[in-house]
Every structure is written in structure tokens, then in C-alpha cells.
Amino acid sequence: MNKWKTFAAAVATASLWATCTVAQAQELKIGYVNSERVLREANPAKAAQAKLEGEFGKREKELADVANKLKAAADKLEKDSPTLSESERTRRQRELTEQDRDFQRKRREFQEDLNNRKNEELAAVVERANKVIKQIFDNEKYDLILQEVVFAGPRVDITKKVIDALNASK
């Protein structure tokens, strides 16, 4: 009876060793995607940036012009201040303060609109990138693809594949 137990233990040990050897032979296939690089270099991301510049460029230029006019008016008030009457100086300061308040409101509205549109465009690009990453994952039989890591070697970096696939897709 003890011989059978010893034999069964030996078979179990050999089986376990064979399983471990097979598991070691089947390496994990891991990939890494640098999301920042994708959003900086991929054509859809560049197109989204150009679209935003087209949409918001005119408003931004108008705001810059208003800012320059306000600065010029403030400089003129400072220069003219010693020769102005108290009431005239107070009136011009009040006008300048109101204009600045209006400018700041328009600047905030512009920034909010720009941020909202950036988020919309970014979400669309990220969605497309994630679809491409999923296709690469499925087609090339990856076990794991990471996007946020502290360190990654060039052997697992598939960012260029993702960028190339995004650039090729329409």
C-alpha cells in the first residue's frame, strides 16, 4: 500500500512539474501605449486641435485685442492722472473697471467654451484610440495592454502601432 502512495506522489509531483514548465513556456504578451504621445502625434488628434483653433481662433484674437485696448487705456489714465480733475479721474477709473470686469467675464466664458469643446474632441479621439488598441489586442493575441505605467521598455511599447493604425483609419 505504501508503494502505491509513493508512486502516486511521484506521479503527482511529475505532473505538477510538467504543468509549471508549460506555464513558463507560455509567456505573457504585454503591451504598453503612451497615451500622451498618441494624443500629440496621431492625425485624428492633430485634426481635432486644428478644428479647435479654427473654431476659437477668432474669439481668442478679439479677446487679445480687447486686452491690449484695456492696457492702453490704463496706461493713458496713469499718464494723464496728474492733470485730470478728481471727478474725471474717478469717472475714467470706473469706466476702466467696468470694461475690465466685462473683459474678465468674456474671458471666462471663452475658456469654459474652449475647455468643453476640447473635452468633446479629446473624448472622440480617445474612443477611436481605444478601439484601435482593442483591435491590436485581439488580432495580436495580447494578454494585457497598459496605458499608464511608471516605466516600460521599448520591447513592450506598441504606441507607434497605435498611432500608425489611427493614421491609417478614416
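# Close-up views of a predicted model

View 1. L114 is buried, with a relative accessible area of 12%; buried stands for under 20% relative accessible area, exposed for over 50% and partly exposed for what lies in between (1.4 Å probe, protein chains only). The residue sits in helix α4. F56 is 58 residues away from L114 in sequence, yet their C-alpha atoms are 7.1 Å apart in space. This is a predicted model, in which local features need pLDDT of at least 70, side-chain atom pairs count only at pLDDT 80 or more, and totals for chains, interfaces and linings use all residues. Residues are numbered from 1 along each chain as its sequence is written, and side-chain values use heavy atoms, with hydrogens and water left out.

**View 2. The whole chain, to get your bearings.** The protein has 5 helices and 2 strands, and from the N terminus on they follow the order α-β-α-α-α-β-α. Helices (H or I, at least four residues) and strands (E, at least two) are DSSP runs, numbered from the N terminus. Of the 170 residues in the protein, 22% are buried. The protein exposes about 12,800 Å², and carbon and sulfur atoms supply 55% of that area (Shrake-Rupley method, 1.4 Å probe; for residues, only the protein chains shown count as cover). Take the contacts between residues at least 6 apart in sequence: 78% of them join residues at least 24 apart, where contact means heavy atoms within 4.5 Å.

**View 3. Helix α3 alongside helix α4.** How are two packed helices described? By the angle between their axes and the distance between the axes. Here helix α3 (residues 43-80) and helix α4 (residues 86-139) pack at an angle of about 170 degrees, and their axes are 10 Å apart. The axes are lines fitted to C-alpha atoms, for helices over the stretch in contact, with angles from 0 to 180 degrees between N-to-C directions. α3 and α4 are therefore roughly antiparallel to each other; under 35 degrees would be roughly parallel, over 145 is roughly antiparallel, 65 to 115 roughly perpendicular and the rest oblique. The contact of α3 with α4 has 17 nonpolar, 2 polar and 17 charged residues. Ala, Val, Leu, Ile, Met, Phe, Trp, Tyr, Cys and Pro count as nonpolar, Asp, Glu, Lys and Arg as charged, and the others, Gly among them, as polar.

View 4. Are R89 and R92 buried or exposed? At 19% relative accessibility, R89 counts as buried, and R92 is buried as well, with a relative accessible area of 19%. Helix α4 holds R89 and also R92. Setting aside neighbours within four places in sequence, R89 is in contact with L77, S81 and L84.

View 5. Back at I145, the contacts beyond four places in sequence are G31, V33, I133, F137 and I158.

**View 6. Two exposed loop residues.** L28 lies in the loop between α1 (2-25) and β1 (30-32), and is exposed, with a relative accessible area of 63%. The C-alpha atoms of L28 and Y142 are separated by 7.7 Å, although these residues are 114 residues apart along the chain. K141 belongs to the loop between α4 and β2 (144-146), and at 63% relative accessibility counts as exposed. What is phi of K141? Phi of K141 is near 55 degrees, a positive value in a residue other than glycine.
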